[in-house]
Amino acid sequence: MKKYAIVVAGGKGLRMGGEIPKQFIPVQGRPVLMRTLDAFHAYDESVELIVVLPVAQQGYWNELCREYDFRIPYHLADGGETRFHSVANGLAEVPDGETDALVSVHDGVRPFVSREVIAACYESAFRERAAIPVVEVVETLRCLESNGAEGDSITVDRAQYRLVQTPQAFRADVLKTAYRQEYRPFFTDDASVVEAMGVQVKLVPGNRENIKITTPFDLKVAEALLSD
């Protein structure tokens with residue numbers, strides 16, 4: 001079965017505090033986004049990669065590809081106003097006729113997703129139409145009361161919650177139909193878009209190392225993971 005991976009990399013790096021967008025920052029001598037694409041290529045070289053980048057960043061990305069002699073094949077799509085619109089643009093690169101194909105959507109700044117997790121997401125999506133990787137919550141959770149004040153909150157049962165990761169994988173026809181909906185602010189990931197049209201999303205175990213690199217601390221963790 002044909003597999004696609006839409007890798008969304010539209011971050012501006014504001015939380016990093018620097019001028020270079022977080023997906024381009026080198027970790028152990030290689031840009032984060034390249035390491036993310038490496039992970040999918042290592043899982044299966046036949047996966048068709050679709051990289052979604054803001055138009056203003058594409059020239060810099062092309063320079064990096066030349067500098068690092070990056071040769072993994074991919075399609076390039078333009079980033080949109082929100083993540084929803086960026087994914088929709090990437091999804092347009094998947095032919096409409098391939099209704100039985102599998103499509104995953106992954107954050108460009110999650111370079112440490114394991115082969116096992118990628119495989120599990122695709123396999124579950126094949127059986128169940130929609131699948132996302134999750135990990136257990138290990139810290140105590142508190143829920144803020146309606147006024148949002150930090151001093152007015154209650155403890156909740158963490159066993160009832162999971163932290164959501166990517167890649168989130170779907171049957172192509174399901175994801176394409178979902179992204180024909182009008183954008184709504186609560187569409188924070190692809191699972192929320194698919195669920196809005198009544199499709200149940202299955203959970204598969206993620207890998208704890210599959211962090212999203214968004215802060216300087218995350219970069220330190222990434223460097224440590226690559227040093228092991």
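The lining of the second largest pocket has four nonpolar, two polar and three charged residues. Here Ala, Val, Leu, Ile, Met, Phe, Trp, Tyr, Cys and Pro count as nonpolar, Asp, Glu, Lys and Arg as charged, and the others, Gly among them, as polar. This is a predicted model, in which local features need pLDDT of at least 70, side-chain atom pairs count only at pLDDT 80 or more, and totals for chains, interfaces and linings use all residues. Residues are numbered from 1 along each chain as its sequence is written, and side-chain values use heavy atoms, with hydrogens and water left out.

**Stop 1: the pocket**
Select Arg110, Val135, Leu163, Val164, Gln165, Arg208, Asn210, Ile211 and Lys212 to see the lining. A pocket is an open set of points on a 1 Å grid over the protein atoms alone, where a 1.4 Å probe fits, with protein on both sides within 12 Å along at least five of seven lines; lining residues have an atom within 4 Å of a point.

**Stop 2: a cis bond**
Go to threonine 166 and proline 167. A cis peptide bond joins them, with omega about 15°. Most peptide bonds are trans. Proline 167 sits in the loop between strand 10 (162-164) and strand 11 (168-171); strands are DSSP runs of E, at least two residues, numbered from the N terminus.

**Stop 3: a positive phi**
Now pick glutamine 28. Its phi is positive, about 50°, yet it is not a glycine. Glutamine 28 lies in the loop between strand 2 (26-27) and strand 3 (30-31).

Terms used. Helix = DSSP H or I, 4+ residues; strand = E, 2+ residues; numbered from the N terminus.
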